[in-house]
2 protein chains.
Amino acid sequence: MSLSLNQKTINRASLAEAVEVCARHGIEAIGVWREPLNDSGVERGAKLVRDAGLRVSSLCRGGFLTGDDTEAALADNRRAIDEAVALGTDTLVLVVGGLPPRSRDLAGARQRVATRIAELAPYAGEAGVRLALEPMHPIYCADRGVLSTLDQALDLAETFPEDRVAVVVDTFHVWWDPRVLPAIARAGARIAAYQVCDWITPLPPDALLARGLPGDGHIDFRTLGAAVTEAGYRGDTEVEIFHADVWAAPFDDVVAEVVRRFAST
Amino acid sequence: MSLSLNQKTINRASLAEAVEVCARHGIEAIGVWREPLNDSGVERGAKLVRDAGLRVSSLCRGGFLTGDDTEAALADNRRAIDEAVALGTDTLVLVVGGLPPRSRDLAGARQRVATRIAELAPYAGEAGVRLALEPMHPIYCADRGVLSTLDQALDLAETFPEDRVAVVVDTFHVWWDPRVLPAIARAGARIAAYQVCDWITPLPPDALLARGLPGDGHIDFRTLGAAVTEAGYRGDTEVEIFHADVWAAPFDDVVAEVVRRFAST
């Protein structure tokens, strides 16, 4: 597998800066985030990436489908699909959303995800974009993503054609799951993206910034990476880090370290 | 189900103080922790509890079976079994332990748990004490408990007789699991303890102190409690809170609030 720099790893960078740092370090693929893409203007941003000859391994992220305003959520996700088309990627990562405010109805929130994916899937299919459901670590179940395991994401994805709804395997989110290896095998051609970052301890005070560089934590990347390859995945490996120190460091230092870690883990 | 005060909820209290506060608030059962039990002397502590007429719903906790010093771990767990006997409880809660230092071998750590439970089960059986495996929220997989789901705990428990190895259902640890309801039904008579506390957001900076009073967070206690009852569990409901503000408050205020929350959730 080859390395893709997920843009979140250099969170302060504009898309133009991210494209330049990839070029300087010989990285051939990028995982683009919607906020910096829109900051640069979608068409101009897409041209920047295209002119640099970069593959776009994924667009992050649509989703947030569990709230009360269905139409706003669907409209935003259709815009995200359009942005994926503009970028020339067929993979839109979806973080499905947590419990609505003051709700304790987890089953209901999960049902909302299923209903709204069904409403989006035809639009995605016509655009040639796959909706890539990202199961999230249960630490985020209440406030970010009610899909908590790879098997659960697959139960939903498999109700749709393979070229419309797929899954993301992110090591941080799935490493603890006693069923992760059979679930990766089950996922097979539904794996639309493979993202790596490490589970570090002690957990930092802000749990959103707990995702460390591969090698700094407790995850066995060889076993998970081998399982993803064995399942037939031939796409890029996105290194996606959420960590205050990484985000504060100079972009070139971070990306040089990412390249080193990718080669050694 | 009736209320048991897990001693951790009033973390600063001695066992004598915990027994007294139960009496003042009409609470008939207590979940005892080993540290305050040993602080008071096991025989004296057991007499305190017995003289007050309190049921002991569980002893917390044995476990930590994943380290390199097998003999020390087994010896400590045999002492915990003896303490359960002294207290007159048949339930010893086990937090099985996380990854050994510098290890990324999660499968190996899980195998160590299975091997060492097999070594302890006969001793527990002869003492009339059940080893109650506590599946822990995946947030603690690396550093506290490599059993991450109720199904996984049951896969292990079911390799032993029902009266020797059982499970704990703790709402905080299992609420997010898409398979929690069928897993509770599967657990049936293997449920040795039912513990309640809430998942609160935002997660406090110290993730060990993220367990709030029922009603303060996102967990649907009615559904989980009904499932536990439907599975045949007739024991106490332990309220077990890990939260800095709760631990700082006067014991009587905390316990009065626990009694109110127990009645209303």
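Predicted model: local features only at pLDDT ≥ 70, side-chain atom pairs only at ≥ 80, totals over all residues.
1. Residues are numbered from 1 along each chain as its sequence is written, while chains are lettered from A and ligands numbered from 1 in the order in which they are written.

2. Start with the barrel in chain B: eight strands close up in the order S1-S2-S3-S4-S5-S6-S7-S10, with parallel pairing. Strands here are DSSP E runs of at least two residues, and helices are H or I runs of at least four, both numbered from the N terminus; two strands pair if DSSP finds at least two bridges between them.

3. For one strand pair, look at S1 (residues 3-6) and S2 (residues 29-33) of chain B, which run parallel and are joined by three bridges. Within that pair, B:Leu5 sits opposite B:Ile30 of S2(B).

4. Now the two chains. Chain A can be laid on chain B by a turn of 180° and a shift of 0.0 Å along the axis, with an RMSD of 0.0 Å (least-squares superposition on C-alpha atoms of residues with pLDDT of at least 70 in both copies). That is how a two-fold axis relates copies. Which residue of chain A comes closest to the rotation axis? It's A:Pro205, with its C-alpha at 1.9 Å.

5. Finally, A:Leu133 touches, among others, A:Leu94, A:Val96 and A:Val167, leaving out residues up to four places away in sequence (contact means C-beta atoms, placed from the backbone, within 7 Å).

How values were computed:
Contact = placed C-beta atoms within 7 Å.
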